[in-house]
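Biologist: I have this one open for the first time. Could you walk me through it?

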Amino acid sequence: MRLPIGRRFLVLSALVLVVASALAPAAGAKGKRPACRGTRVAVKIGPRTTCMPFAKVFPSPKAIDTRLSYIQQVLKFDPASAVRGKKRKRVRRLQSGFRAAVKRAQGKLLRIAPKALAFVDRRAGRAAASSFPPGPALASAGCHPGPAGPTGSFDGATMGMLGDNGGYFDIPIGDGLRVKLTFVSCSGVTAFNIPECPTANGTVDGRGAGQFSVTFEIRSSSQVLSRNTTNFEQKAKIHGEVGADAKLKSIDVEHTEEAFIVATTESYPIVIRSGVTRKVHITMPGGQFDPSQASVRFFGDPLKPDSGADSFANTAKAAIDSYRNAEARWSSYDRQPYCAEPVFNPASNGSKVKRGDQKQLTIYARARADGGRASAAKWSLQAPLNADFSPTGSEDASPSVQYTVSKSPAGDQVRVTVKFTSTAGAGQKTWTQQIESSSFQIEGSFGGEFSSETALEVPSVQKWTGVVQLHLLVPGEGGAPNGVYTVSSGNVSGDLSGIESSGITGCHQSGSAQGPLPGGSMTVTGNGPNNGAPYEYEVNLSMPFVPVQAKRVAPCPKAAQEEGYEGTEFETGIFWKLTVSGQESGDGTSFTGSEEESFGGTSIEQHWNLHGVE
């Protein structure tokens with residue numbers, strides 16, 4: 001059926017619009033912002049500002065399919081309500097019988113829209129969308145569907161794909177007329193490109209943009225009797241703030257939705273442009289809105305107060321989810337490279353330290369995103385080795401840590417692992433410094449006396465004294481003083497005296513000797529907590545025989561029997577030694593003691609006074 005030109009009609013599909021006078025009674029004076037109380041928020045509509053319930057204009061974050069929301073808005077729209085004054089008279093209504101058929105078709109489209117979108121998603125191989133699916137980048141030139149693809153049918157309607165980001169519904173309404181709805185989505189405002197890491201001061205910003213276009217047509221055969229296109233554009237800016245714990249403190253969302261409607265009929269052309277911008281501060285980690293930092297501004301042609309509410313709720317939900325996913329990356333110690341790294345002064349292995357040194361280590365966190373110093377941080381020093389660090393925890397952005405190198409280190413390195421969180425993210429690193437090679441030595445004096453009543457042609461008393469210096473040959477576990485030492489220098493002197501006690505000659509004998517130490521060793525082994533005091537040590541400085549030229553002197557009874565026996569010389573030796581074991585040193589550097597023992601007709605006494613030096 002072909003309608004006369006004068007009876008042709010307009011069906012305008014667009015965002016729900018109302019006249020500005022609907023809001024006028026609640027508005028304040030022009031240019032003056034009202035003081036909104038309780039849970040109400042200021043809403044600016046053109047030049048006027050009014051107070052409205054916060055929940056009405058700021059719905060809670062919620063994931064929705066914005067494509068379905070936009071299609072529903074288009075199908076429910078009454079074009080006559082969008083035009084005022086003289087222009088409204090030019091917008092003709094449908095004749096009653098025909099209008100009813102279009103209304104029924106619109107109702108059917110509303111019912112099948114979810115299934116049609118699911119069909120498109122299945123064919124495109126993606127899960128049901130709570131935001132715009134991927135598509136061509138947003139461009140001011142428009143958002144266009146792709147080539148026709150697979151088709152299906154449901155409840156008398158034909159549905160099909162248009163490229164990867166669009167589709168259509170087609171329903172016959174009788175008398176050769178059809179209603180067709182075509183849609184296409186380009187990019188998505190909720191596909192935020194969140195940076196991988198925060199900046200040094202904890203800033204994480206993102207943007208999103210999306211476009212959804214719906215065209216509603218009434219066709220007679222191949223002729224278009226009425227067509228209108230509604231473009232929905234969304235833009236969002238999000239701003240995150242990260243704290244010293246590498247967790248989000250807050251998110252600021254600025255969301256703008258704009259609708260642009262172009263309707264073409266032989267009755268009267270209509271162009272409508274309107275939009276709304278919402279700004280809100282979201283506290284984290286709970287995700288609550290802060291009404292004190294919220295604002296709403298409507299611009300262009302008048303809109304209902306809840307216009308754009310669904311898409312805003314979806315954007316807020318996507319912003320919170322996107323930041324939480326990103327936060328898991330930059331706040332984790334399990335994901336590398338870290339978003340921040342500690343910078344040490346002095347640098348790791350930048351200088352050498354000595355045993356017992358008292359030093360200072362300063363640290364700050366450097367952001368990988370912009371190379372700056374993190375403005376806030378929390379620190380923990382763990383697993384220290386060969387040094388005591390203080391403090392082991394700090395909440396300063398750049399702490400100074402004092403450390404004292406152990407006097408008896410286990411190995412040749414000072415080491416500590418630094419873990420931290422910061423406005424730039426989390427990180428950890430091990431810091432080391434080389435300990436200078438040990439110059440630890442043990443030196444001192446020793447002496448002893450050996451006497452015997454049974455020695456054969458050997459004087460009954462031997463005495464010796466000596467000095468010795470030993471150097472560390474093999475470091476032991478825990479480092480010096482633990483280890484094996486060997487003689488580096490030293491000398492010993494000894495005297496022989498007394499009467500040959502065998503009863504054969506009865507002669508007095510005397511002699512002396514001195515010279516360098518021919519050898520010896522010393523072992524020190526710490527057996528206290530952490531190889532600390534008390535230290536147990538062993539000393540073995542001995543030569544079984546030191547040659548001595550001795551002389552027989554008066555009185556010598558054998559000389560009376562054998563002429564010339566008195567005054568004769570002979571070679572004998574001093575059996576000097578310093579052999580001790582199982583002794584203890586309280587500080588690990590002083591080895592002083594004495595001991596006596598007797599066996600048979602002999603006795604031995606020895607003493608020593610040794611100490612460690614660097």
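Modeller: Let me start with one cysteine link: the bond between C197 and C339 is left-handed, with -75° about the S-S bond. C197 sits in the loop between strand 6 (177-188) and strand 7 (203-220), and C339 in the loop between helix 5 (309-330) and strand 12, so the pair ties together parts that are 142 residues apart in sequence. Helices (H or I, at least four residues) and strands (E, at least two) are DSSP runs numbered from the N terminus.

Biologist: Before we go on, what kind of model is this, and how are residues numbered?

Modeller: This is a predicted model, where local features need pLDDT of at least 70 and side-chain atom pairs count only at pLDDT 80 or more, while totals for chains, interfaces and linings use all residues. Residues are numbered from 1 along each chain as its sequence is written, and side-chain values use heavy atoms, with hydrogens and water left out.

Biologist: Are C197 and C339 buried or exposed?

Modeller: Both C197 and C339 are buried, where buried means under 20% relative accessible area, exposed over 50%, and partly exposed in between (1.4 Å probe, protein chains only).

Biologist: How many disulfides does the count come to?

Modeller: The count is 2 disulfides, taking a disulfide as a pair of cysteine sulfur atoms within 2.5 Å. One of them joins C36 to C51, with an S to S distance of 2.0 Å. C36 lies in the segment before strand 1 (40-45) and C51 in strand 2 (residues 48-53), so this pair ties together parts that are 15 residues apart in sequence. C36 is partly exposed at 25% relative accessible area, whereas C51 is buried at 13%.

Biologist: Switching to sheets, what order do the 4 strands of the open sheet take?

Modeller: The order is 12-14-18-16, with antiparallel pairing; two strands pair if DSSP finds at least two bridges between them. Strand 12 (340-345) and strand 16 (387-390) stand at the edges with a single partner strand each, so one side of each is left without a neighbour in the sheet. Strand 16 is joined to strand 18 (residues 400-405) by 4 bridges, and F389 has Y403 as its bridge partner there.

Biologist: And which strands are at the edges of the 5-strand sheet?

Modeller: In that open sheet, ordered 13-20-19-15-17 with mixed pairing, the edge strands are strand 13 (352-353) and strand 17 (393-394). Strand 13 runs parallel to strand 20 (residues 427-435), joined by 2 bridges, and V353 stands opposite I435.
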